Amino acid sequence: MQVEDIKKEFNSTFDTTPIIVRSPGRINLIGEHTDYNEGYVMPAAIDKEIVCAIATNNTNNCRVVALDMKDSFEFDINSFNKSDKGWPNYILGVIEQFQKKGLEVKGFDCVFGGDIPLGAGLSSSAAMECAFAFGFNTLHNHNLSKLEIVKMSQAAENEYVDVQCGIMDQFASVHGMADQIFRLDCKTLDFEYFNFILDDYHLVLCDTQIKHSLASSEYNTRRKECEQGISVLQKHYNNINSLRDISISQLKKHEKEFDPIVYKRCKYVIEEIKRVIDCCELLIKGDLIGFGKNMYKTHEGLSKEYEVSCTELDFLASKAKESNMVIGTRMMGGGFGGCTINIVKNEFLDQFKEYMTEVYKNELNLELKTYMVKIKNGTSLL
Ligand code: GLA
């Protein structure tokens, strides 16, 4: 439906013939705040995506319609500045990356839209960057690899949008594979797919619908705290570059030299990196219950040690766990709002959604949204 609407809008607005690109949002099963510490993450692309109809128009003018926002933006491909509207910067940032590499992007017409809820921590911004990077690459036959598309999209977010995110979101949007989750080694960028067929379960996201304003400043603070931790450890271990290179026993040995807060942060990260590795083994054995137990531990660590959770996320995670309708739950993504991810037993699917919505309303007087998600392929042409 969404695709048809986008095509229809394109045809009634422009007289060029577009290619259609889709790029999905992401979930992350385990491995949170580990990507910028050169650790492991375990994400997947989901069935919520940005769809973009785009065509070159033989001018220097770029005309973009954001269908869902009922908004539009025009600019010259050779001379543009950051936009106050916000959303165009994801596109401008990507174009800037092409231009920095000396890769031409010609004037274009575009209509885009999608069904990734905004601000819910499902990486709608990464999906948008990847959709445009993929689109420009295809339109101009630049032959960029998937990895180059990922890196340019991440660089657009870091340099133009000024969000210091790691590589996970863009990587997941591009490399997702249906019914599989993958373990990405954020140090080497090697990755491996694992079957994630949930015969007896469903993945359900509970959206707090909250985004605390602390989110981006605290994200940057966590990055700095991790760097502080590394500099303490580098006095003892000269060949380490990140928390990835440190074991928990090495950390514990030097506890007294740490600021207690920095110590907690490092402990969480090192344990979380280990949990991802353990979870891969559990998946190979088909032990989803064991996998879910690790998700509980991740939530505990994110809440108490890394301190990126919030009342609403803690509430949803604890209610879900107590309900016995799930085998795993935790907050997902950067934190301070967004969603919890839940592995829900099939027989309780409807009951779970109703129960969570009801308790969230009754006890916090807030509206909950729930999304049942399926794991899909990464960025592609339609
Ligand atoms: C955000 C960032 C990611 C990652 C997560 C936390 O989603 O964009 O790079 O750091 O937070 O795991």
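Angles between axes under 35 degrees count as roughly parallel, over 145 as roughly antiparallel, 65 to 115 as roughly perpendicular and the rest as oblique. Axes are lines fitted to C-alpha atoms, for helices over the stretch in contact, and angles run from 0 to 180 degrees between N-to-C directions. Helices (H or I, at least four residues) and strands (E, at least two) are DSSP runs, numbered from the N terminus.

The model is predicted: local features need pLDDT of at least 70, side-chain atom pairs count only at pLDDT 80 or more, and totals for chains, interfaces and linings use all residues. Residues are numbered from 1 along each chain as its sequence is written, and side-chain values use heavy atoms, with hydrogens and water left out.

Helix α6 (residues 215-234) packs against helix α8 (residues 260-285) at about 95°, and their axes are 9 Å apart. The two helices are therefore roughly perpendicular to each other. Contact means heavy atoms within 4.5 Å. From α6, Arg 222, Glu 225, Cys 226, Gln 228 and Gly 229 take part; they meet Ile 261, Val 262, Arg 265, Cys 266 and Val 269 of α8. This contact has five nonpolar, two polar and three charged residues. Here Ala, Val, Leu, Ile, Met, Phe, Trp, Tyr, Cys and Pro count as nonpolar, Asp, Glu, Lys and Arg as charged, and the others, Gly among them, as polar.

Helices α2 (residues 88-100) and α3 (residues 124-139) cross at roughly 45°, with axes that come within 9 Å. That angle makes α2 oblique to α3. Their crossing is right-handed. A crossing is left-handed if the near helix is turned anticlockwise from the far one by less than a right angle, and right-handed if clockwise. On the α2 side, the contact includes Tyr 90, Ile 91 and Phe 98. Met 128, Phe 132 and Phe 136 are among their partners in α3. Nine residues of this contact are nonpolar, two are polar and one is charged.

Helix α4 (residues 146-159) and helix α5 (residues 168-175) cross at roughly 145°, and their axes come within 9 Å. This crossing is right-handed. In α5, Gln 170, Phe 171, Val 174 and His 175 meet residues of α4, including Leu 147, Ile 149 and Val 150. The contact comprises five nonpolar, four polar and two charged residues.

The ligand is surrounded by residues that include Arg 26, His 33, Cys 165 and Gly 333 (each with a heavy atom within 4 Å of the ligand). An N or O atom in the side chain of Glu 32 lies 2.6 Å from a ligand oxygen atom. For Asp 169, a side-chain N or O atom is likewise 2.6 Å from an oxygen atom of the ligand. A polar side-chain atom of Tyr 219 is 2.6 Å from a ligand oxygen atom.

Arg 183 sits in strand β6 (residues 180-185). Arg 183 and Phe 194 are 11 residues apart in sequence, with 7.7 Å between their C-alpha atoms.

Terms used:
A polar contact is a pair of N or O atoms within 3.5 Å; within protein, one must be able to donate a hydrogen and the other to accept it, and residues adjacent in sequence count only if both atoms are side-chain atoms.
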